[in-house]
Amino acid sequence: MFRPEVVAMSPYVPGEQPQTGKAIKLNTNENPYPPTPKVAEAIALASSRLERYPDPLGTAFRIAAAGVLKVDADMILCGNGSDDCLTILTRAFVGHGQKIRFPSPSYILYRTLAELQGARFEEVSLNDQFQLSDEFFRPSDDLRLVYIPNPNSPTGTLISHDQILRLADELDCPVVVDEAYVDFAPESAVSLVSNNPKIIVTRTLSKSYALAGLRFGYLVAHPEVVSMLRKVKDSYNTDMLSISGATAAISDQSWLRENVSKVIKTRERMTSELRTLGFSVIESHANFVWCTHTKHASKLIYEELKRRGILVRYMNYPSWMDGLRISVGTNEQIDALMLVLRDIVA
Ligand SMILES: Cc1ncc(COP(=O)(O)O)c(C=O)c1O
C-alpha cells in the first residue's frame with residue numbers, strides 16, 4: 001500500500017522521552033529550567049477561545065519576533081516546531097530524485113526528510129576543525145537545498161558567516177541555516193537574510209525558551225520566499241495555545257538573557273569537569289557538549305549512566321566516530337552526573 005520511499009526509509013528515532021519516573025534527562029537538549037511564567041498566563045487566556053480556529057499565520061507571534069529580530073513581520077513563517085519548518089522547506093524546494101546536501105556529522109532528521117521526499121542526499125564530512133571542506137562548495141547537478149545546522153549538532157561547533165555567504169554565492173540553491181541552538185552562540189545569520197533571498201534561517205523555541213513541549217518554531221526568509229512557502233504549509237500548522245505561549249515567551253527577552261547566561265555558565269563548568277575526568281570535549285556553542293572518553297567506550301558509559309537513572313544521548317556516526325552528547329542540565333543535575341561519572345571512569 002505504501003510508496004516505495006516510505007517502505008525503504010529508516011524512521012527518525014528521537015532521544016528517549018520517558019513519561020514517568022525520576023530520570024535525570026540530559027539526552028534531547030531541552031532546557032532544564034521552566035519557561036517564563038508569562039507563557040502559562042498567555043495560554044490560560046487563549047484557552048477561553050478554543051472554539052475558534054487559530055490565526056493561520058500566527059501574526060501576533062510574527063510581530064513580536066520581528067521586533068526582537070529587527071526584521072519585517074512578512075519575513076517570518078511560523079511552524080509546529082522548527083522540524084515543521086524544515087519539512088516545509090524540503091517539500092517546497094526538493095523534488096523526487098533531486099539532491100539535498102548537509103554536513104556529516106549533523107542533525108539526522110535531514111536524511112529522513114530527504115528520504116520521505118524521494119530525494120537523494122549528500123552528507124559531506126566536516127574537516128578536522130569541524131569546518132566545511134571544499135567539497136561542500138562544489139556545484140552539483142540537481143542540488144536543490146543545503147542544510148547548515150549552526151551551531152551544529154552533535155558537535156556544538158560553528159560555521160562562520162563568511163562561509164555561509166560563500167555557499168550562497170557559489171551554489172545555485174537555497175542555503176538553510178538551522179539555528180536551533182543559536183541563542184547559546186555569539187551571532188545569528190538573521191542579519192544576512194535581508195540582503196540575500198537564498199539564505200533562510202530556521203529557529204525554535206524548544207531550546208533557549210524552554211518550550212520543547214509546546215512545539216513552536218519559525219523561519220526567517222525574504223518576504224517573497226515566505227509568501228511561496230505559505231502555499232506549502234498546512235493551513236493551521238500552529239495552534240492557538242502555542243501561538244499565544246510563543247508570543248509571550250519571545251516578548252520576555254530579559255528572561256531569555258538570564259536563562260542563556262545560566263546555561264552557558266553550566267556548559268563551561270561541565271566542559272572543564274569532564275576534561276578533568278579524562279573526557280575529550282569539543283568546545284561547544286550550544287546547550288550540550290559532545291565528548292568521548294580516552295579510555296572507556298562511550299556505549300558502556302551511556303548504558304551505565306542509564307542504569308543509574310541518568311539519560312544522555314549515545315550517538316554513532318559510522319563515517320566519523322561514536323560518542324556522548326550530553327545536554328546542559330541544572331547545576332544540581334550536573335553535580336549528580338559528575339558524581340556518577342567519576343565512579344564509572346575511576
Ligand atoms: C539541529 C536541530 N534542528 C532542529 C531541531 C528541532 O527542533 P524543534 O522541532 O523542537 O523546534 C533540533 C532538535 O533537537 C535540532 O537539534
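Biologist: Into which domains is the protein divided?
Modeller: Two parts. Domain 1 takes residues 22-32 together with 254-345, and domain 2 takes 37-252. Bear in mind that this is a predicted model.

Biologist: How far apart do the C-alpha centres of domain 1 and domain 2 lie?
Modeller: They are separated by 26 Å. The domains still touch: domain 1 puts 23 residues into the contact, and domain 2 puts in 20 residues.

Biologist: What makes those residues count as a contact?
Modeller: The C-beta atoms of two residues, placed from the backbone, must lie within 7 Å. By that test, 23 residues of domain 1 and 20 residues of domain 2 qualify. On the domain 1 side, two elements give two or more residues, α11 (253-276) and β10. The most comes from α11, with 7 residues.

Biologist: How many nonpolar, polar and charged residues has the side of domain 1 that touches domain 2?
Modeller: There are 13 nonpolar, 8 polar and 2 charged residues on that side.

Biologist: What is the order of the open sheet of 7 strands?
Modeller: The order is β2-β8-β7-β6-β5-β3-β4, with mixed pairing.

Biologist: Why do β2 and β4 stand at the edges?
Modeller: Each has a single partner strand, so one side of β2 (76-79) and one side of β4 (120-125) are left without a neighbour in the sheet. From one strand to the next, the twist averages 25°.

Biologist: How do you know that β3 and β4 pair?
Modeller: Pairing asks for at least two bridges. Strand β3 (residues 99-104) has 6 bridges to β4. Therefore the two count as paired, and they run parallel. One of the bridges can be named: Ser104 has Ser125 in β4 as its partner.

Biologist: Which helices pack on this sheet?
Modeller: Helix α4 (residues 82-93) is one of them, touching β2, β3, β5 (143-149), β6 (175-178), β7 (199-204) and β8 (217-220). The direction of α4 makes about 150° with that of β7. Helix α5 (residues 109-116) also packs there, against β3, β4 and β5. Its angle to β4 is about 155°.

Biologist: What is the order of the open sheet of 5 strands?
Modeller: β1-β11-β12-β10-β9, again with mixed pairing.

Biologist: What makes β1 and β9 the edge strands?
Modeller: Both β1 (24-26) and β9 (279-281) pair on one side only. Neighbouring strands here are turned by 35° on average, direction ignored.

Biologist: Which residues come nearest to the ligand?
Modeller: Gly81, Ser82, Asp83, Thr204 and Ser206, out of 13 residues around the ligand. By class, this shell has 4 nonpolar, 7 polar and 2 charged residues.

Biologist: How do you know that the bond between Asn150 and Pro151 is a cis peptide bond?
Modeller: Look at omega, which is about 0° for that bond. Another cis peptide bond joins Ser153 and Pro154, where omega is about 15°. Pro151 is in the loop between β5 and α7 (161-170). Pro154 is also in the loop between β5 and α7.

Biologist: What is the phi of Asn29?
Modeller: About 55°, a positive value, although Asn29 is not a glycine. Most residues other than glycine have a negative phi. Asn29 is in the loop between β1 and α2 (37-46).

Conventions
Residues numbered from 1 in each chain as written. Predicted model: local features only at pLDDT ≥ 70, side-chain atom pairs only at ≥ 80, totals over all residues. Helix = DSSP H or I, 4+ residues; strand = E, 2+ residues; numbered from the N terminus. Axes fitted to C-alpha atoms, helices over the stretch in contact; angles between N-to-C directions. Near = placed C-beta within 6 Å. Nonpolar A, V, L, I, M, F, W, Y, C, P; charged D, E, K, R; others polar. Domains from an automatic or database assignment.
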